Amino acid sequence: MPAKRPPVPLSRERIIEAALHIADSQGLRRLTMRRLGDALQVEAMAIYHHLPRGKDALMDALAEHVTAVHAEPASTWQDSARAWCRASRDALREHPGVLALALTKPPKGRAAIALMEQTEQLADAGLPDAAQAVRTLRAYVFGAVAVEVQRSGWADSPADGAEPWRPPSAGGGSAAADTDFEHGLNALLAGLNGKRTETER
């Protein structure tokens with residue numbers, strides 16, 4: 001008989017990956033500690049070893065996973081802001097099942113550090129009141145993704161013969177949504193630049 005493969009050790013990363021799969025495929029309301037334990041083939045109590053606060057810690061971890069993004073500094077604050085917004089949009093669109101958490105959970109841990117990093121990048125590149133600009137850009141990205149997910153039909157059961165929803169990394173997404181996002185982002189950056197020019201007068 002072939003030797004059995006040793007079980008994959010339980011880790012925080014495995015827990016989050018399984019939770020994301022449940023939330024994306026079944027919805028956040030279907031994500032329970034018992035269902036998560038079944039998916040990981042462990043007792044639900046084993047999850048608490050990695051997430052001592054249980055469901056609350058899991059929700060925080062999922063929100064952090066899709067909001068803690070990084071982008072390298074660019075030559076201008078506009079290009080830095082554009083890179084951050086695109087990275088944030090990509091992360092959120094990959095996991096629409098936890099979009100509600102990203103919209104409602106305050107940034108913690110790596111997500112809070114990422115926001116500080118973004119603010120410092122824009123300030124160092126010469127944008128006055130970078131903190132306010134980051135809040136404005138973040139609101140735009142979250143709102144744009146929420147509308148995009150709503151229009152995508154992700155929350156609806158696919159009709160007979162219809163192709164199920166796919167994340168952008170698997171070939172999903174919409175060219176029209178991409179165009180709309182870039183158009184709105186360009187307008188927002190132009191507005192921020194106009195405000196910067198007025199401040200410098």
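The chain holds 9 helices and 0 strands. The model is predicted. Read from the N terminus, the order of elements is α-α-α-α-α-α-α-α-α. Of the 201 residues in the chain, 36% are buried. Counting contacts between residues at least 6 apart in sequence, 73% join residues at least 24 apart.

| Helix pair | Residues | Angle | Axis separation |
|---|---|---|---|
| H1 and H2 | 12-26 and 33-40 | about 115° | 10 Å |
| H7 and H8 | 109-124 and 130-152 | about 120° | 9 Å |

**H1 with H2.** Helices H1 and H2 pack at an angle of about 115°. Angles of 65 to 115 degrees count as roughly perpendicular, and H1 and H2 are therefore placed in that class. The crossing of H1 past H2 is right-handed. On the H1 side, the contact uses Arg14, Ile15, Ala18, Ala19, Ile22 and Gln26, and these meet Arg35, Leu36, Ala39 and Leu40 of H2. By class, the residues of this contact are 7 nonpolar, 1 polar and 2 charged.

**H7 with H8.** For H7 and H8 the packing angle is about 120°. These two helices are therefore oblique to each other. Their crossing is right-handed. H7 contributes Leu115, Gln118, Thr119, Leu122 and Ala123 to the contact, while H8 contributes Ala130, Ala131, Val134, Leu137 and Arg138. The contact of H7 with H8 comprises 7 nonpolar, 2 polar and 1 charged residues.

**Asp60.** Is this residue buried or exposed, given a relative accessibility of 13%? Buried means under 20% relative accessible area, so Asp60, at 13%, counts as buried. Asp60 lies in helix H4, which spans residues 55-67. Its side chain and that of Arg53 are joined by a polar contact of 2.9 Å. With neighbours within four places in sequence left aside, Asp60 is in contact with Arg53, Lys105 and Lys108.

In summary, the predicted model has 9 helices and 0 strands. The H1 and H2 pair is roughly perpendicular, and the H7 and H8 pair is oblique.

Definitions and conventions
Residues numbered from 1 in each chain as written. Predicted model: local features only at pLDDT ≥ 70, side-chain atom pairs only at ≥ 80, totals over all residues. Heavy atoms only, no water. Axes fitted to C-alpha atoms, helices over the stretch in contact; angles between N-to-C directions. Helix = DSSP H or I, 4+ residues; strand = E, 2+ residues; numbered from the N terminus. Parallel < 35°, antiparallel > 145°, perpendicular 65-115°, else oblique. Left-handed = near helix turned anticlockwise from the far one by under 90°. Contact = heavy atoms within 4.5 Å. Nonpolar A, V, L, I, M, F, W, Y, C, P; charged D, E, K, R; others polar. Buried < 20%, exposed > 50% of the residue type's maximum accessible area, 1.4 Å probe, protein only. Polar contact = N/O pair within 3.5 Å; in protein donor to acceptor, adjacent residues only side chain to side chain.
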